[in-house]
Amino acid sequence: MTETTIDKPTDAYADTYANAFAAVVAHAEGNGTAPLNALRQAAFDDFARLGIPTTRHEDWRYTNLRKLANTAFTRPQTGAEVTADDIAPFMIAGLDAHLIVFVDGYYREDLSQIDEHPEGTAIGSIAEAYQKGCTGIGDYLGKQVDTANDALGALNTALMEDGVAVYLKAGKKIDKPVHVLSIATAHSNSAMTHPRNLIVAGEGAEATVIEHYVSLGGENYFNNTVTELFAADHAVVHHYMLEREAESATNISTLAIHQGERSDVHSHTVLLGGELVRNNVRPVMAGKDAHCLINGLFVGHGAQTLDNAMRVEHAAPNCRSRQFYKGIMNDQSHGVFTGRIIVQEDGQQTDAIQSNRNMLLSDDARMNARPQLEIYADDVRCTHGATTGQVDPEAVFYFRARGLPEDVARAMLIYAFAAEGFDRMQLVPVRALLADEMIAKLPMANKLSAEFNEEIKERLYRI
Amino acid sequence: MTTTEEVAKLTHEKRDYKYGFVTDVDQEFAPPGLSEDIVRFISDKKGEPEWLLEWRLKSLRHWQTMETPSWEFLPYGYEEPDYQAISYYAAPKEKPKSLDELDPAILETYNKLGIPLAEQKVLAGIEGAAASAADARGMGGVAVDAVFDSVSVATTFQDELAKHGIVFCPISEAVQSHPELVKKYLGSVVPYSDNFYATLNSAVFSDGSFVYIPKGVRCPMELSTYFRINASNTGQFERTLIVADEGSYVSYLEGCTAPMRDENQLHAAVVELVAHKDAQIKYSTIQNWYPGDETGKGGIFNFVTKRGLCEGDHSHISWTQVETGSAVTWKYPSCILKGDHSKGEFYSVALTNLRQQADTGTKMVHIGKNTTSHIISKGISAGEGHNTYRGLVQMNKGAANAKNFTQCDSILIGDKCGAHTFPYIDVRNPSASAEHEASTTKIAEDQLFYCTARGIEEEDAVSLLVNGFCKEVFNELPMEFAVEANKLLAVSLEGSVG
């Protein structure tokens with residue numbers, strides 16, 4: 001196997017993380033998460049051994065984490081003044097959801113609005129759950145993260161303080177989506193947060209969770225999120241990750257999924273903000289007949305680096321996985337897609353499809369694609385395809401021949417390319433939000449008629 | 001199609017690995033170990049000029065600072081060779097002064113290897129054989145350079161080729177006869193510091209073929225080299241250099257075998273191709289080094305650096321390989337597409353059976369405008385073999401309108417093998433397009449059923465389907481090689497269908 005070459009932490013930043021770790025442990029008694037200290041300590045030891053990965057590490061070949069090694073990130077200040085009015089722009093129009101708000105990594109009950117939900121289900125913050133004595137969380141937390149080999153996962157585990165917990169007993173269903181809004185204010189400046197979320201869906205349970213990352217004055221911060229998702233047999237979980245942070249932020253998000261028999265998990269990821277974003281999605285299909293959909297869209301401009309690393313593991317027979325990732329890179333942005341399908345020896349009758357399509361809009365944009373198959377079972381059907389190119393000149397010609405100006409034709413084609421990504425989402429209000437965001441990002445947005453915009457919205461709402 | 005009887009017959013041969021014999025020739029060895037003295041010894045043996053010795057020493061000093069690569073994907077791992085235990089030079093004691101004096105044991109070796117009879121006559125120096133052999137082929141015959149351990153023992157048809165101004169000779173001879181060409185091109189595509197094994201090769205390379213095709217010449221026959229590792233405890237480090245000048249064409253074939261031994265032997269070759277404006281080089285390989293036994297014991301480590309430079313506009317390099325042998329293979333025949341409108345192609349069939357591990361593929365680096373590359377890779381995993389495709393398609397900033405198409409398919413036969421695909425696609429020009437498609441499946445049961453329902457034995461049916469699977473690649477091989485490749489595949493697959 002690949003040897004990993006990693007720089008050992010230098011004194012300069014080893015202190016940063018060691019100090020942060022000491023602070024987290026010091027606060028643990030106060031916020032009730034002291035039972036997690038043993039887990040934190042073990043993970044911190046792993047991190048100290050692994051260090052921040054360099055580009056010599058195969059998994060980080062195209063994404064340079066130098067900033068994490070060279071910045072003395074602090075623990076964010078508490079008590080940022082944020083009102084309901086401040087967060088109103090981040091609400092998703094038309095979405096009726098349970099709202100749970102974290103500001104600079106700290107849970108804000110005052111801003112959250114958790115509506116009534118059925119007995120046998122729980123929505124809340126992890127720290128709060130510990131304070132209430134729900135230590136059952138410990139049965140799940142950390143089980144899906146390989147801290148021995150994943151440096152950033154280890155760092156999150158060592159420094160985690162809070163995050164959302166969504167729990168459903170067997171057969172339960174939370175009808176409304178859970179909207180987890182994470183806001184970074186100026187208190188996050190040059191600070192780091194390590195949100196840790198946990199979603200546990202019992203047998204046959206159903207839930208939808210939206211993780212939504214935005215900035216409200218926060219700059220130059222480092223957000224390192226880990227979400228563990230456990231879908232028991234027959235459970236159905238839809239997960240959305242919307243990354244819309246300030247373009248000076250570093251965001252590393254990991255979604256680690258464990259799936260039981262006949263479970264169905266949909267993961268949708270949209271990367272729009274951030275300076276350096278790394279999005280890890282790692283489902284393990286451990287029960288037979290499981291299904292997962294991994295859908296993503298990343299749209300870069302400026303000097304953004306948007307890195308997506310999928311690792312889909314078929315560990316049981318007859319599972320089906322679908323991966324669809326699309327990238328649109330403009331200016332000097334750099335897109336990365338690494339998708340690995342692993343079929344273990346038990347993964348007979350696997351049916352896995354992976355597709356990664358990318359569009360480059362400028363001379364300086366760059367795209368790296370690494371679609372990978374690692375297969376140890378013989379009775380499988382696995383395919384992957386990757387393409388990178390420009391807006392199809394023939395399609396542009398088709399439009400122009402029908403009287404549309406070239407820039408509008410291009411914009412429409414780019415939009416259509418992106419729309420395929422969010423048309424797979426079931427939540428219509430999220431689609432509408434993304435349609436707006438996408439149109440705003442199009443290079444010729446101002447040239448597009450208002451009708452075009454309205455028409456799209458109309459279409460989306462009608463679906 | 002190969003019938004069951006044929007397979008049975010061939011399998012019988014395979015059971016002992018047909019080419020697993022050892023030839024008893026009086027040989028001269030360098031003492032094991034690697035040092036400046038050994039490099040000087042090799043250089044001195046070959047009577048090399050000072051500049052080449054310096055180049056070797058520079059390589060050796062650089063190599064001593066390098067670390068063994070560790071990025072490979074080899075599920076069973078491998079035991080790193082002890083570079084101080086290898087002898088870097090082995091040669092038949094008496095280099096024949098003329099072909100007549102060629103050691104009969106060596107001739108016998110090539111006989112067993114199946115070098116066509118006509119060439120054997122030439123090797124044996126029968127008068128007029130060259131002409132008749134060429135006639136017999138109609139297509140123009142095959143000129144052979146035979147490399148036995150560290151030296152080239154015989155090269156055929158040299159006179160015939162000389163008429164066209166073509167140089168085809170052992171590289172050690174080219175150093176003497178065409179020093180300006182060797183000096184100009186050696187290391188120009190694979191620099192001495194390129195990678196661990198290429199650098200090692202640069203320091204200790206023993207022999208290999210040198211080909212120069214002058215401007216506008218279409219080489220009238222296939223050129224071919226047979227490589228043979230015979231001695232134990234030696235490594236083979238051959239170096240091949242092919243230069244096709246403007247508007248020329250050459251097709252080159254390479255075949256390799258080695259005796260069966262319990263210990264692993266290292267084969268670290270370097271092949272450099274240079275295609276000038278409008279030139280075309282077609283390079284075909286059938287690699288059948290000893291793969292080791294079913295427990296993974298023994299076999300050749302095939303760590304080879306092959307790279308072609310499409311230097312001029314409209315130049316064209318095509319690699320075709322059939323990889324069935326070796327315990328461990330790392331090999332990435334590559335094309336640097338520098339000239340505008342240049343074209344690179346890679347066609348590969350890699351088969352792993354027993355406990356073989358192959359990590360192979362290609363690199364296409366698009367530098368010039370309107371460059372195109374085409375990659376077809378077929379991997380077949382059987383037994384406990386692991387087959388990995390690893391490839392890079394890179395579109396540089398200046399590669400406007402460059403196009404790539406890649407297809408890599410794998411089939412799995414049996415439930416203990418593995419098939420892996422690791423392509424890298426790096427695009428930095430918006431008008432360039434790269435397309436990659438890959439699939440991994442087992443042998444199609446419906447097709448198998450279709451065949452068996454029509455009375456075709458299952459084993460034959462598998463052979464038929466695998467042949468069909470590989471057809472795109474076999475079509476690229478010269479006729480004789482294609483036949484050999486078909487048989488080789490049938491033999492290598494024997495016993496994997498249950």
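Which residues in H2(B) meet which residues in H3(B)? Glu36(B), Val39(B), Arg40(B) and Ser43(B) in H2(B) meet Leu52(B), Leu53(B), Arg56(B), Leu57(B) and Leu60(B) in H3(B). By class, this contact holds five nonpolar, one polar and three charged residues. Contact here means that C-beta atoms, placed from the backbone, lie within 7 Å. Nonpolar covers Ala, Val, Leu, Ile, Met, Phe, Trp, Tyr, Cys and Pro; charged covers Asp, Glu, Lys and Arg; the others, Gly among them, are polar.

**Basis and confidence**

This is a predicted model: local features need pLDDT of at least 70, side-chain atom pairs count only at pLDDT 80 or more, and totals for chains, interfaces and linings use all residues. Residues are numbered from 1 along each chain as its sequence is written, while chains are lettered from A and ligands numbered from 1 in the order in which they are written.

The predictor gives the complex an ipTM of 0.80 and a pTM of 0.85. pLDDT is its confidence in each residue, from 0 to 100. Chain A averages 90, and 92% of its residues score at least 70. Residues 1-9 of chain A fall below 50; this stretch has 20 contacts beyond near neighbours in sequence. Chain B averages a pLDDT of 80, with 77% of the residues at 70 or above. Residues 10-15 of chain B are below 50 and have eight contacts beyond near neighbours in sequence. Residues 121-141 of chain B also stay under 50. For them the model has 36 contacts beyond four places in sequence. Where pLDDT is low, predicted coordinates should not be read in detail.

**Helix packing**

Helices (H or I, at least four residues) and strands (E, at least two) are DSSP runs, numbered from the N terminus. Axes are lines fitted to C-alpha atoms, for helices over the stretch in contact; angles run from 0 to 180 degrees between N-to-C directions.

| Helix pair | Residues | Axes | Angle |
|---|---|---|---|
| H2(B) and H3(B) | 36-45 and 50-63 | 10 Å apart | about 150° |
| H3(B) and H10(B) | 50-63 and 196-204 | within 7 Å | roughly 145° |
| H2(A) and H6(A) | 37-50 and 151-159 | within 7 Å | roughly 145° |

H2(B) and H3(B) pack at about 150°. That makes H2(B) roughly antiparallel to H3(B). Angles under 35 degrees count as roughly parallel, over 145 as roughly antiparallel, 65 to 115 as roughly perpendicular and the rest as oblique.

The crossing of H2(B) and H3(B) is right-handed. H3(B) and H10(B) cross left-handed, and H2(A) passes H6(A) in a left-handed crossing. Left-handed means that the near helix is turned anticlockwise from the far one by less than a right angle; right-handed means clockwise.

H3(B) brings Arg56(B), Ser59(B), Leu60(B), His62(B) and Trp63(B) to Thr199(B), Leu200(B), Ser202(B) and Ala203(B) in H10(B). This contact has four nonpolar, four polar and one charged residue.

In chain A, H2(A) residues including Phe44(A) and Phe47(A) meet H6(A) residues, among them Ala154(A) and Leu155(A). The classes are nine nonpolar, one polar and two charged.

**Between the chains**

33 residues of chain A are in contact with 30 residues of chain B. Strands S19 (366-375) and S20 (380-389) of chain A each give two or more residues to the side that touches chain B. That side has 13 nonpolar, eleven polar and nine charged residues.

S19(A) and strand S23 (residues 418-427) of chain B run antiparallel, joined by six bridges. Strands pair if DSSP finds at least two bridges between them. Leu373(A) stands opposite Thr421(B) in S23(B).

Definitions and conventions:
Contact = placed C-beta atoms within 7 Å. pLDDT = per-residue confidence, 0-100.
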